[in-house]
Amino acid sequence: MTAAQADLPTDLQAKFQKLPEGLRLDSPDVADGAAIWRIARDSKVLDLNSSYSYLLWCRDFAATSVVARDADGETVGFITGYIRPEHPDVLMVWQVAVDHGQRGRGLAGALLEGLTARVAAGRALTRIETTIAPSNTASERLFLSFARRHGASVERKVLFDAGLFPDDGHEPEVLYRIGPLDH
């Protein structure tokens, strides 16, 4: 158990025990940036950002992001997120990815549960938001399942139409607003 996990109330720590065997959740640090970039690249689904941006993310948004580590301490999954400046009670989940060898074990759900529990332990968190491209059914299932577990409603609307993206073939990004959350 990491210091971030130990700071959680006992009832929230139990959520971490749903992690697949041999894995643990942790706050990212700058040294995780390269692994996060690699996992995002290998996902073949996420928009890949520069390796530099992942290093900055691990430095500046570690408190609202999470990584999964295997028994050797290697990063095998991540969620990057941030608190919306205009809405300090909203966690915006930016990217979620799990290494190919760890897929199908419930790790993405455990990452999302762990991150929201940790953020909610330190602030009033009433909802999460994320954007999902229409073809990303795995992400849609992840977030709809999270909403069901928390008894939360889901509002959807197109946040960024496909025409706003400068690259050809980019799908629209649909905003999912999930809340209110029960903790």
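This is a predicted model: local features need pLDDT of at least 70, side-chain atom pairs count only at pLDDT 80 or more; totals for chains, interfaces and linings use all residues.

Colleague: Is Arg105 buried, partly exposed or exposed?

Modeller: Buried means under 20% relative accessible area and exposed means over 50%, with partly exposed in between. Arg105 counts as partly exposed because its relative accessibility is 36%.

Colleague: Which residues is Arg105 in contact with, leaving aside its neighbours within four places in sequence?

Modeller: Arg105 is then in contact with Pro20, Glu21 and Leu23. As for Phe61, which is 44 residues apart from Arg105 along the chain, the C-alpha atoms of the two are separated by 26 Å.

Colleague: How should I read the sheet?

Modeller: Strands of a sheet pair through backbone hydrogen bonds, in either a parallel or an antiparallel sense. In this model, seven strands form an open sheet with mixed pairing, and their order is S1-S2-S3-S4-S5-S7-S6. S1 (24-26) and S6 are the edge strands, each of which pairs on one side only. From one strand to the next, the twist averages 25 degrees.

Colleague: In which sense do S1 and S2 pair?

Modeller: S1 and S2 (residues 66-69) pair in the antiparallel sense, over three bridges. Within S2, Val67 is the bridge partner of Asp26.

Colleague: Which strands does H6 touch where it packs on the sheet?

Modeller: H6 touches S4, S5, S6 and S7, and its direction makes about 165 degrees with that of S5.

Colleague: What is the volume of the largest pocket, and how many residues line it?

Modeller: The largest pocket has a volume of about 600 Å³. Its lining comprises 26 residues, and those nearest its centre are Asp47, Trp94, Thr131, Ile132 and Glu173. Among the elements that give two or more residues to this lining are S3 (75-84), S5 (127-132) and H6 (137-149). By class, the lining has 13 nonpolar, eight polar and five charged residues.

Colleague: Which elements each supply at least two residues to the lining of the second largest pocket?

Modeller: They are S4, H5 (107-122) and H6. The volume of the second largest pocket is about 430 Å³. It is lined by 18 residues, of which Val96, Val98, Arg103, Ala108 and Ala138 are the closest to its centre. This lining divides into nine nonpolar, seven polar and two charged residues.

How values were computed: Residues are numbered from 1 along each chain as its sequence is written. Side-chain values use heavy atoms; hydrogens and water are left out. On a 1 Å grid over the protein atoms alone, a cavity is a set of points where a 1.4 Å probe fits but cannot get out, and a pocket is an open set with protein on both sides within 12 Å along at least five of seven lines; lining residues have an atom within 4 Å of a point. Grid points are joined across faces, edges and corners, and a volume is the space filled by probe spheres set on the points. Helices (H or I, at least four residues) and strands (E, at least two) are DSSP runs, numbered from the N terminus. Ala, Val, Leu, Ile, Met, Phe, Trp, Tyr, Cys and Pro count as nonpolar, Asp, Glu, Lys and Arg as charged, and the others, Gly among them, as polar. Two strands pair if DSSP finds at least two bridges between them. Axes are lines fitted to C-alpha atoms, for helices over the stretch in contact, and angles run from 0 to 180 degrees between N-to-C directions. Contact means heavy atoms within 4.5 Å. Buried means under 20% relative accessible area, exposed over 50%, partly exposed in between (1.4 Å probe, protein chains only).
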